[in-house]
Amino acid sequence: MPSKISWFSKEIILQIGRSTGWISLVYILGLVFALPLRILMIYSDEKNRTNLNVGGNLFRFDFTIQVVLFITVPILLSVFLFRYLHVKQATDLVHSLPLKRNKLYHHYALSGVFFLVLPIVLITVSVLIIYASLHLQTYFGVRDIFYWAGTAILATVCLYTAGIFIAMMTGISAVHAVLTYIFLIFPVGITLLVVYNLKILLYGFPSDYYLRGNLDKMSPLTEVIGLEGKPFDWSNVLVFSILTILLYGLSLIFYKKRNLEAASEPIAFVKLRSIFKYGVTFCTMLLGGAYFSETLYNLGWSIFGYVAGAVMGYFVAEMVLQKTWRVFRHIKGLVIYTVIMILFAIGFQTLGIYENHIPKQDEIKSVLLTDNPSNEVIQDHFYKNYYAPKPIREQDNIKSVLKLHEQILADKQINQKNKSTPYKMAFFVYELKNGQKVIREYQLNQKLYDDFYKPIYESTEYKEKTEGIFRVRDKDVETIAIGNYGPVGKRAIIPEPSEIKTILAMLKKDVLARTYEDGVYFKGGSETVEINLGKNNQLSLELLPTYTNTRGWLKEKGFLERATITENDINYILVHRNNNPNGKTIIDENQPGNLKITDKEHIREALANAGPNPGSYEAIFYFEQGNTQQAFFFDEDHAPDFIRDHFKK
Amino acid sequence: MIEMRNVRKSFAGVEALNNVNLTIQKGSIYGLIGSNGAGKTTLMKLLSGIYRQEEGQITIEGKPVFENISLKDKVFYISDYPYFFPHYTTKQMAQFYKDIYKNWSDDRFFKLTNVFGLELNKRIQSLSKGWQRLVAFILALSSMPEILILDEPLDGLDPVMRKKVKNVLIQDVAEREMTIFISSHNLREIEDICDHVGILHKGAIIIEKELDELKADTHKIQVAYKEKVPEALMKKMNILHTEKRGSVFLLIVRGEEDIVAKQVRETHPVIFDLLPLTLEEIFIYEMGDIGYAIKNIMV
């Protein structure tokens, strides 16, 4: 009977079908709701038929249903298929048969692939039929249908092989499912944990810089969850294919190495058990530390977080391995682990090389200083061209930056403690002459560093490298809009090229003349200049009260009155001493001691000096128009004399 | 011939079998006795190619068993709790085995199911424990194995069924020279079918013997004399054990039956009986020092 020697065993396939076919059935049902039915439903609603337009991405039809199916069905299937490795009696039966593990593996694994692919194929066919019969060409193309099918197949098969791989590593089905998800999310999770913790341990570690890349690229699971938003391109295809093949092959290798008595053991390979135990301990330690440091900024609590995390992780891992919760006597491993970690932490602290390393002036080619490290991430072409700051190169400026950096290092204790005060980022990227980069990131209270920031921020080079206005070419500008986004909106549009040219020149002059203090004091105001560069791209900058050249010209041309708040818009102003340095208080109009300003000249002076950020005095501006008001502040330096005099009494 | 040489197997550092040596001749029925946890099941799973030994060789006809398909095709293993695929009927299970085992015989399958009056289309898992075991037997015998490995096979079968199953097994051994490897924690249960017995204790085979040889060699004698027991007789015989019950002496004697009987008759006893020994007694008396251990196993 030669047929019996053949590779293909009908009865095994039949058995697999009988035991796991239902998963495929549920999968098909779910997908029917998400795609063919949904398409028919939208189509039948003539008014909203344009909802069929999903930008060529069929994942957008009921994505929630789709994504839930895509990330659960493959794992569920792998769990049920390879249950024969996890149930002792089934393992014994199957492996006492005259079948090589090779053959068993391919039968089970490939049947699973079939059960995963079949529903997608059926749905694809049904969508194609609907597509042809309802003439849906206007909404999406046949190409889009095949893009959906191909992506769905590759993505689910990849997740499924990850499930198979973990099936070989464990002997308990529940552990199998949980471990598969942990395995899939692990690259993202461990990166986050390590980077966060280095940030806690190393003063100046640029965590945001390292997290700027696309983290979801690191896990197939997050990639699948993102299918609605971004295209699955050829690089994804390559990565998913390689991963699938790799995991499929590795699984077979581990299957052959596996001892079958591992059924009902949480971790099948003895050597992996310690890796699992200390891996879990390490990860939960990092998690605990990161959690308490991020929420409480207190060294004591951070240490508590690390200790609690490690202890919890250790015992949980031990419980899983021993399959009982009574494991609290097994603390030998934990003690050894703790000693190693303490040594490690001490080594980390005493090294200090990383923290104290600042390049020397003569090594530096250029330096980028910014308070927003995410600038590096934004891929948008326009943003890159106009907003992203560029490094500075002038020796004097580099010297100033180094001075600032040295001071930040000297203030390590202060800056690490004061994380809860309003802080700013200081992000340094040094490019050295030898091609290397030194990147550091600190959180600090910028006020403490005013003296250091001033020479840098006031330098012409820094302004030219960071302010978008210096990158605007006159001929690219279509219009300029001056406007106010306060409670009373005002707006004037200037389309005339010659006037545009003048305004740009004036703005550049004013920006260059702006002092550091004014820049900080007036930052966040509601008067802006929007430079329209066409194609919906616009560069906006604030129109500070100190931009006298621009304002003078605007006033001359009559734009100022149309576009900004003037004394004529204000009914009166109510000023009181601000006792809440972080925010706004509600003014009680009748409270004694408050100053009410009604004189137009005083209102004008107040307008020219009021800043949007909390300061010594709070001023509520009451508008003529409507029953509207807006809060401003004065600090001691900017408050007009008549206000200071009033409160001096 | 099945051979195990210096086989060692441990589970996560805990030794289950150490240095096991065992030989089973083709066509024999080998009984493996051992207390709970002695390593019987481990030994059987090693022999069936399910487990992999850490050291030593396990061979059938000189070839290693593990992952050897042509060998495993001739071996059938029934575990202590027979397992069937969920929701499978006897018929479906038979079709499965037919697909897997080259020598499957439909003819035999239907004959056996007829003999035992088994319903083919009932889900196996809905049957009683005894019937499930019977199904396992029928499926095993229908795949015509050369070696049948049975782990505690008679548990849960009623005496009638037990007899029937034993008969079928013996018939197969006689007709097809099938080899049976059978384990039990109870010597009494399998002594009537085994021709070889091995005793497994704490992971090692402590005794391995051919039964006929043992039985022919050891006898229980009850004798009584009017006067004292003749000293000469006691010296002449190879006595393993003496016991006095009233005036009756109970002796366990080693030697050929005829000679022993002749020697005793010559002393003209008042009472003389030559009784057969149970296997259990043979082991306990024969094995002297380790007899104590065996006694414990048998309980």
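Author: B:Gly31 stands opposite B:Val197 in S9(B). This is a predicted model, in which local features need pLDDT of at least 70 and side-chain atom pairs count only at pLDDT 80 or more, while totals for chains, interfaces and linings use all residues. Residues are numbered from 1 along each chain as its sequence is written, and chains are lettered from A and ligands numbered from 1 in the order in which they are written.

Reader: Which way do strand S3 and strand S9 of chain B run, and how many bridges join them?

Author: Strand S3 (residues 29-34) and strand S9 (residues 196-201) of chain B run parallel and are joined by 5 bridges. Strands here are DSSP runs of E with at least two residues, helices are runs of H or I with at least four, and both are numbered from the N terminus. Two strands pair if DSSP finds at least two bridges between them.

Reader: What is the order of the strands in the open sheet of chain B?

Author: The order is S6-S7-S8-S3-S9-S10, 6 strands with mixed pairing. Strand S6 (75-78) and strand S10 (204-210) of chain B are at the edges; each has a single partner strand, so one side of each lacks a neighbour in the sheet.

Reader: And chain B overall?

Author: Chain B has 12 helices and 14 strands. Its C-alpha atoms fill a box of roughly 75 × 45 × 30 Å along the principal axes.

Reader: Which residues of H3(A) are buried, and what covers them?

Author: The buried residues are A:Thr91, A:Asp92, A:Leu93, A:Val94, A:His95 and A:Ser96. Buried means that 20 or more other C-beta atoms, placed from the backbone, lie within 10 Å of the residue's own. Their cover includes helix H4 (101-134) of chain A, together with helix H1 (40-47) and S6 of chain B.

Reader: Where does pLDDT stay under 50 in chain A?

Author: That applies to residues 1-5 of chain A, for which the model has 2 contacts beyond four places in sequence. pLDDT is the predictor's confidence in each residue, from 0 to 100. Where it is low, the predicted coordinates should not be read in detail. The mean pLDDT of chain A is 86, with 94% of its residues at 70 or more.

Conventions:
A residue is buried if 20 or more other C-beta atoms lie within 10 Å of its own, exposed if 12 or fewer, and partly exposed in between; C-beta atoms are placed from the backbone. Two residues are in contact if their C-beta atoms, placed from the backbone, lie within 7 Å.
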